[in-house]
Amino acid sequence: MANESEQTKLTFKLASFEGPLDLLLHLIKQNEMDIYDIPMVTITSQYLAYLHQMQTLELDIAGEYLVMAATLLNIKSKMLLPNQPVEVEADYEDPREDLVQQLVLHQTFQLAAEKLKDFATERQKSVGREQAQVPPDAKLGQLKAGATTVANLQQAFARLLAKKQLVKPVKRQVYQERYNLKDTLVVLKQKIRQAKAPIYFDSLFADQTDLEQVVTTFLALLELVKQGTVIAKQEVTLGPILMISGEKDAF
């Protein structure tokens, strides 16, 4: 009769459970039980009542639910056995230990899944910008007739970074912008234009030890080469790259 009264009090959302461990965690939370000290008589009777309800509703019971039912009955029977003699109590193993470990692990994955779901919900609030199409008249790889290639400039910049001892911040911090690309464009353009001879690529970074400044200078240089204001030439493979003003009145 007690089991019948407990069964009538139970209400379940069948679609909310994804396996026997999920159901057990629900029953433990609903009854405010200690997961590390589960009352096996109560949890077993409620679990069996759930399976009986599934049969009443003519739902298919997966084999894993039946295996868990057998496991619960086995643990319950061991818990009901007479206590062991005092001299062997030190070696006594709680028959619930394996079940508790499985439940704790399953609960951990549940919490992680909830966190990921929250992250996904927040991400859905953002809209990404599609990649811009490359202009049909863009000169990819070859910046200007007779000039070196973008790949050569990238290789030269990589070698430059490898040789320079740049100052790196000890901690990651967000600073106000210290180097402006627009201003750097003007400085580089005037420096190359007013030079009496071609300038070596490396010399443009000679007095720079700040990584942000080095990167800003390189981006500005690429923009000038792209515009044709500056021409990059390399007479010998892997040789020095010369930066020459592309304006007619230079030199």
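Predicted model: local features only at pLDDT ≥ 70, side-chain atom pairs only at ≥ 80, totals over all residues.

Biologist: What does the secondary structure come to?

Modeller: The protein has 8 helices and 3 strands. Going from the N terminus, the order is α-α-α-α-α-α-α-β-α-β-β.

Biologist: And how many of the 251 residues count as buried?

Modeller: 30% of them. As for contacts with a separation of 6 or more, 64% are between residues 24 or more positions apart.

Biologist: Switching to H6, which residues are buried there?

Modeller: Leu153, Ala156, Phe157 and Leu160. Down the axis of H6, the buried residues sit within an arc of 100 degrees, so they line one face of the helix.

Biologist: Why would residues three or four places apart point the same way?

Modeller: Because an α-helix has 3.6 residues a turn.

Biologist: OK, what covers the buried residues of H6?

Modeller: The cover includes helix H8 (211–227) and strand S2 (230–233).

Biologist: New topic: how do the axes of H2 and H4 cross?

Modeller: At roughly 55 degrees, with the axes of H2 (residues 20–30) and H4 (residues 63–80) coming within 9 Å. That angle makes H2 oblique to H4.

Biologist: Which residues meet there?

Modeller: From H2 you have Pro20, Leu21, Leu23 and Leu24, and they meet Glu64, Tyr65, Met68 and Leu72 of H4.

Biologist: What's the split by class in that contact of H2 with H4?

Modeller: It has 7 nonpolar residues, 1 charged and no polar ones.

Methods
Residues numbered from 1 in each chain as written. Heavy atoms only, no water. Buried < 20%, exposed > 50% of the residue type's maximum accessible area, 1.4 Å probe, protein only. Helix = DSSP H or I, 4+ residues; strand = E, 2+ residues; numbered from the N terminus. Arc of directions from axis to C-beta. Contact = heavy atoms within 4.5 Å. Axes fitted to C-alpha atoms, helices over the stretch in contact; angles between N-to-C directions. Parallel < 35°, antiparallel > 145°, perpendicular 65-115°, else oblique. Nonpolar A, V, L, I, M, F, W, Y, C, P; charged D, E, K, R; others polar.
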